[in-house]
Amino acid sequence: MSSKGVDEQCLGWAARDASGVLSPYKFSRRNLGNEDVHIKITHCGVCYADVVWTRNKHGDSKYPVVPGHEIAGIVTKVGPNVHRFNVGDHVGVGTYVNSCRDCEYCNEKQEVLCTKGSVFTFNGVDFDGTITKGGYSSYIVVHERYCFTIPKNYPLASAAPLLCAGVTVYSPMVRHKMNQPGKSLGVIGLGGLGHMAVKFGKAFGLSVTVFSTSLSKKEEALTLLGADKFVVSSNQEEMKALAKSLDFIIDTASGDHPFDPYMSLLKPYGVFVLVGFPSEIKFSPASLNIGSKTFAGSITGGTKDTQEMIDFCAANDIHPNIEVIPIEYANEALERLVNRDVKYRFVIDIANSLKEN
């Protein structure tokens with residue numbers, strides 16, 4: 001699936017061990033294949049996945065790790081059989097860069113569910129045995145199937161977080177029909193994913209209630225993001241007042257939290273979708289069975305959903321709230337991400353800060 005040989009040296013930042021500390025690193029990427037796109041990376045979003053694999057949280061990190069899977073940039077070369085892109089196009093690359101392309105899910109453009117396993121954009125093992133390296137780097141070579149068109153009037157810095165945070169909430173929201181005007185949506189957590197869920201919910205015409213452990217986020221949720229209601233999840237009176245009032249809940253929180261109080265807020269036939277990764281899920285069967293509710297999980301989306309989401313954001317003037325940083329700030333950004341000290345997505349300005357020393 002790739003041509004032999006390697007392209008010119010790529011400059012990146014990598015972690016060498018489980019400390020997760022990033023520093024400059026030069027490496028080689030594969031040569032441009034017949035169906036590949038060569039992308040000069042201009043921006044890369046900072047995702048919690050970057051923390052997970054630079055710090056070996058799952059015990060499977062393949063050092064040196066070059067993180068980053070919210071990639072936006074400009075096409076600089078295309079292979080002879082590339083039909084979707086031209087030099088100069090603005091494109092994005094998300095959480096995966098390969099799949100078998102032959103299973104039922106790949107055929108439905110849900111490659112993230114590939115039966116043979118999709119290949120992660122970084123710290124993945126590609127089908128040629130090489131270890132993938134991500135977007136904290138000067139350029140990337142990707143098969144055209146896994147690249148997405150970014151309209152040229154949509155800022156590349158804003159586009160980067162859409163490739164993970166955006167599609168991770170958009171895809172299940174559309175799949176579970178959370179795009180019906182007049183319905184009510186609850187959003188648990190107001191981080192990188194949660195704030196996008198609020199924006200999508202409002203764009204879909206929903207009444208949106210934000211649930212957070214922190215009262216300090218109330219003004220932002222209501223004024224900045226346009227939510228209709230804000231509830232401190234530990235306030236039992238506020239929670240009880242919303243009993244059986246929500247059609248949908250999307251849970252973006254990865255910290256451990258109880259589920260029964262939220263399940264009680266759903267109407268009959270209500271849908272609860274989990275996109276965060278708490279250490280366990282525990283609730284009473286009655287919370288699910290009484291009211292005939294649905295509890296579902298989801299990860300990121302396939303290529304069809306991702307392109308649809310980018311187009312939707314461009315058409316509806318939806319932009320993530322970002323803090324643009326230089327690559328030299330990456331280590332501090334990752335630490336702030338761990339401490340939840342970001343509103344709401346860091347984006348590295350690769351083009352203007354990743355330079356030869």
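Student: Leaving aside neighbours within four places in sequence, which residues is His 257 in contact with?
Tutor: Contact here means heavy atoms within 4.5 Å. Once neighbours within four places in sequence are set aside, the partners of His 257 are Asp 251, Tyr 262 and Pro 278.

Student: What pLDDT do side-chain atom pairs need in order to count?
Tutor: Residues are numbered from 1 along each chain as its sequence is written, and side-chain values use heavy atoms, with hydrogens and water left out. This is a predicted model, so totals for chains, interfaces and linings use all residues, local features need pLDDT of at least 70, and side-chain atom pairs count only at pLDDT 80 or more.

Student: Back to His 257: which backbone oxygen does its side chain reach?
Tutor: His 257 sits in the loop between strand S13 (246-251) and helix H8 (260-263); helices (H or I, at least four residues) and strands (E, at least two) are DSSP runs, numbered from the N terminus. Its side chain has a polar contact of 2.7 Å with the side chain of Asp 251. That term covers a pair of N or O atoms within 3.5 Å, one able to donate a hydrogen and the other to accept it within protein, with residues adjacent in sequence counting only if both atoms are side-chain atoms. At 2.7 Å, the His 257 side chain also reaches the backbone oxygen of Gly 255.

Student: Is His 257 buried or exposed?
Tutor: The cut-offs are under 20% relative accessible area for buried, over 50% for exposed, and partly exposed in between (1.4 Å probe, protein chains only). His 257 has 18% relative accessibility, so it counts as buried.

Student: How many salt bridges does the structure hold?
Tutor: Side chains of opposite charge can pair when their charged atoms come close. The cut-off for a salt bridge is a side-chain nitrogen of Lys or Arg within 4 Å of a carboxyl oxygen of Asp or Glu. The number that the structure holds is 11.

Student: How many residues apart in sequence are the parts tied together by Asp 126 and Arg 30?
Tutor: Their side chains meet in a salt bridge at 3.8 Å, N to O. Asp 126 is in the loop between strand S7 (119-120) and strand S8 (139-143), while Arg 30 belongs to strand S2 (residues 22-30), so the separation of the parts is 96 residues.

Student: And what is the separation in sequence for Arg 55 and Glu 335?
Tutor: Here the side chains form a salt bridge at 2.9 Å, N to O. Arg 55 lies in the loop between helix H1 (48-54) and strand S4 (71-78), with Glu 335 in helix H11 (residues 330-338), so the parts they tie together are separated by 280 residues.

Student: At what angle do H4 and H10 pack?
Tutor: Axes are lines fitted to C-alpha atoms, for helices over the stretch in contact, and angles run from 0 to 180 degrees between N-to-C directions. Helix H4 (residues 165-175) and helix H10 (residues 303-315) have axes 10 Å apart, and they pack at an angle of about 100°.

Student: Which residues of H10 meet H4?
Tutor: The H4 side of the contact is Gly 166, Val 167, Tyr 170, Ser 171 and Val 174. On the H10 side are Asp 305, Thr 306, Glu 308, Met 309 and Phe 312.

Student: What is the C-alpha separation of Val 75 and Val 91?
Tutor: Val 75 is in strand S4, and its 1% relative accessibility is why it counts as buried. Val 91 is 16 residues away along the chain, yet their C-alpha atoms are separated by 6.9 Å.

Student: What is omega for the cis peptide bond of Lys 343 and Tyr 344?
Tutor: Most residues other than glycine have a negative phi, and most peptide bonds are trans. Tyr 344 is in the loop between H11 and strand S17 (345-349), and its cis bond with Lys 343 has an omega of about -10°.

Student: What is phi of Lys 177 near?
Tutor: Lys 177 lies in the loop between H4 and strand S10 (184-188), and is exposed, with a relative accessible area of 52%. Its phi is positive in a residue other than glycine, near 60°.
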